[in-house]
Amino acid sequence: MPDFNPTEYAVPGFVALVLLEMLWARRHRRDAYEARDTLTSLAFGLGSTVSGLLFGGAFLALFLWVWQFRLFDVPWSWWGFALCFVLDDLKYYWVHRFGHRVRWFWASHVNHHSSQHYNLSTALRQSWTGFLTLGFVFALPLVLLGFHPAMIAICAGFNLIYQFWIHTEAIDRMPRWFEAVMNTPSHHRVHHATNPRYLDRNYAGVFIVWDKLFGTFEPEVRGEKIRYGIVKQLGSFDLLWSVFHEWIGIAQDMWRAPWKHKLSYLLREPGWTHDGSRETSDQIRAAWRERNGERENSVSSDNLVAGKPEAA
Ligand SMILES: [Zn+2]
Ligand SMILES: [Zn+2]
């Protein structure tokens, strides 16, 4: 079995590009980087690598055990890899969607979103606690289909490397055909935004087509300032709090909730409460649409009443 982790080889490239973007930011976007935020992101990246080393072996052992029950044998060929890459990306879309819509998964994925900045170092903000969510089971169907666990790991590695460069404000738009098919800085800025229209949109890893297919695509609107981060900002650079705050929040909510609601705090979407004391992303968006729609309607009806067409 080949022992090859593409992400490890990419690290020098990551570092070089972060430094290059810092130089760009000094001239064009002075608030793009904040030292404490970047250090937190780097610590996340390092911690997630350590966590991967500690727990990755156990997952690999499980995958290899499941491998014996495979239905087919996908060969180590170019088309095997291509098929594996596309299906792994489809798997990524769904893992990621669950990561935002089920609080149990969000508790781990929130780490990637808690920075209020958006730069290449944000890409390195990876969770330490992914192993807790058992999200890796999403890959088991691929193993059962006959893709070797090492092939899946290599594809997942390249998938992660692809996602690095889209964490930037230095690139506005890619060519139209590229924006139509691939995940891009523009699409992923939407994913990291807390503006109501952008909440829980663009879950794609490499191919944006999944969002278009499954109804979660939202294009970036020119001229609308993006607020990055999470709905309830952390307001802290304390590393351990950053890593564990949502797990602690879940524990507190479950402790306080009546018995029949306890599990919902684990399995429903972030922001859900049994007494309506917080808002989910759907509720935030609906309220925003109502406010916005009302304003738009009143403007157009005013024009109608006045009997004159809108000035061009
Ligand atoms: Zn996300
Ligand atoms: Zn991201």
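User: Which helix is Gly56 in?

Analyst: Gly56 sits in helix H2, which covers residues 35-67. Keep in mind that this is a predicted model.

User: Thanks! Why does Gly56 count as partly exposed?

Analyst: Gly56 has 15 other C-beta atoms within 10 Å. A residue needs 20 or more to be buried and 12 or fewer to be exposed, so a count in between makes it partly exposed.

User: Let's talk cores. Which residues make up the largest nonpolar core?

Analyst: That core has 12 residues, and Ala139 is one of them.

User: What does Ile154 touch, leaving out residues up to four places away in sequence?

Analyst: With those left out, Ile154 touches Phe4 and Pro6. There is also a second, separate core of nine residues, including Tyr93, Tyr203, Phe207 and Trp210.

User: Changing topic: what are the domains?

Analyst: The domain assignment gives domain 1 as 6-214 and domain 2 as 280-312. Their centres, taken over C-alpha atoms, are 37 Å apart.

User: How many residues of each domain are in contact with the other?

Analyst: Four residues of domain 1 are in contact with four residues of domain 2. On the domain 1 side, two of these are nonpolar, two are charged and none is polar.

User: What does UniProt list for residues 81-216?

Analyst: The unreviewed UniProt entry lists them as "domain: Fatty acid hydroxylase". In the model, this span is 60% helix and 0% strand, and its end C-alpha atoms lie 27 Å apart.

User: How many helices and strands are there in the protein chain?

Analyst: The protein chain has 14 helices and zero strands. Its radius of gyration is 21 Å, close to the 20 Å from the globule rule for 312 residues, so the chain is as compact as a globular protein of that length.

User: Last one: what percentage of the residues is buried?

Analyst: Buried residues account for 29% of the 312. As for contacts between residues at least 6 apart in sequence, 71% join residues at least 24 apart.

Methods
Residues are numbered from 1 along each chain as its sequence is written. Chains are lettered from A and ligands numbered from 1 in the order in which they are written. This is a predicted model: local features need pLDDT of at least 70, side-chain atom pairs count only at pLDDT 80 or more; totals for chains, interfaces and linings use all residues. Helices (H or I, at least four residues) and strands (E, at least two) are DSSP runs, numbered from the N terminus. Domain bounds come from an automatic or database domain assignment. Two residues are in contact if their C-beta atoms, placed from the backbone, lie within 7 Å. Ala, Val, Leu, Ile, Met, Phe, Trp, Tyr, Cys and Pro count as nonpolar, Asp, Glu, Lys and Arg as charged, and the others, Gly among them, as polar. A nonpolar core is a set of buried Ala, Val, Leu, Ile, Met, Phe, Trp, Tyr and Cys residues joined through C-beta atoms within 7 Å. UniProt positions are given in the numbering used here, feature names are shortened, and annotations may be inferred rather than shown by experiment. The radius of gyration is taken over C-alpha atoms; the globule rule is 2.2 Å times the number of residues to the power 0.38.
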